[in-house]
Amino acid sequence: MNDFRELAKEKAREVFEQYNLSVPVDLLKLTQNLNISVSEVAFERIDGLKNCDGCIFYKENAIFVDVELSPTRLKFTLANELGHYLLRHQTQEGMYADKKASYRGKDKNNEERAADIFAAELLMPEHEMRKLHSEYVYPTLEIFVKHFLVSVEAMRIRLKEFNLEVYRVK
Ligand SMILES: [Zn+2]
């Protein structure tokens, strides 16, 4: 099953090994190693990029993320842009711009899906998820969120994807 989903996962695993990453993943260090600059901008003030939360310029090796994003949203957006870059999602304009979720509509194209799969596997690698889960008798959502430093929503989706059960504290 070598479709775009598998390719995106493989690419994330390759990068994780190649750059000796560990969780929580230090994306700023990774972008430095890849020679990609990261800047925060206020997209709402940029014509043509209003309603975006991230974009990457391929030739310039530059990623821009919206200054309003929460730390965990910023992390996922950054990983998503890296996905477009490393999976070589080329466009005529030489850049890839991501609209905010609320402006994107429900239908994602395959490149967007691939970049999200890449981001999820990079930040929450399957083997690390399963390993952590096996270390606890009563694993909780909080344990996972703290370990990987991602949003509760992203982690919920990921746990469900692997059918890993977590317990609620209280
Ligand atoms: Zn994207």
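**A walk through the sheet and its helices**

Let's start at one residue pair: Ser37 has Ala62 as its bridge partner in S3. Before going further, a word on what you are looking at. This is a predicted model, in which local features need pLDDT of at least 70 and side-chain atom pairs count only at pLDDT 80 or more, while totals for chains, interfaces and linings use all residues. Residues are numbered from 1 along each chain as its sequence is written. Helices (H or I, at least four residues) and strands (E, at least two) are DSSP runs, numbered from the N terminus.

The predictor's confidence in each residue is its pLDDT, from 0 to 100. The chain has a mean pLDDT of 93, with 96% of its residues at 70 or more. Where pLDDT is low, the predicted coordinates should not be read in detail.

Back to the sheet. Its four strands are ordered S1-S3-S2-S4, forming an open sheet with mixed pairing; two strands count as paired if DSSP finds at least two bridges between them. At the edges stand strand S1 (37-41) and strand S4 (95-99), each with a single partner strand, so one side of each has no neighbour in the sheet. From one strand to the next, the twist averages 15°.

Now take the pairings in turn. S1 and S3 run parallel, joined by five bridges. S3 then pairs with S2 in the antiparallel sense over four bridges, and here Gly54 stands opposite Val65 in S3. The hairpin of S2 and S3 has four residues between the strands, and in it Asn61 takes a positive phi near 50°. On to S4, which pairs with strand S2 (residues 52-57) over five bridges, again in the antiparallel sense; Met95 in S4 is the bridge partner of Phe57.

Four of the five residues of S3 are buried (20 or more other C-beta atoms within 10 Å of their own, C-beta atoms being placed from the backbone), so this strand is largely enclosed by the rest of the structure. Helix H3 (residues 71-86) lies across S1, S2, strand S3 (62-66) and S4, running at about 35° to S2.

Finally, look at helix H7 (residues 141-148) and helix H8 (residues 152-161), whose axes come within 10 Å and cross at roughly 110°. That makes H7 roughly perpendicular to H8, a term for angles of 65 to 115 degrees. Leu141, Phe144, Val145 and Phe148 in H7 meet Val152, Met155 and Leu159 in H8, contact being C-beta atoms, placed from the backbone, within 7 Å.

Key. Axes fitted to C-alpha atoms, helices over the stretch in contact; angles between N-to-C directions. Contact = placed C-beta atoms within 7 Å. Buried ≥ 20, exposed ≤ 12 C-beta atoms within 10 Å, placed from the backbone. Parallel < 35°, antiparallel > 145°, perpendicular 65-115°, else oblique.
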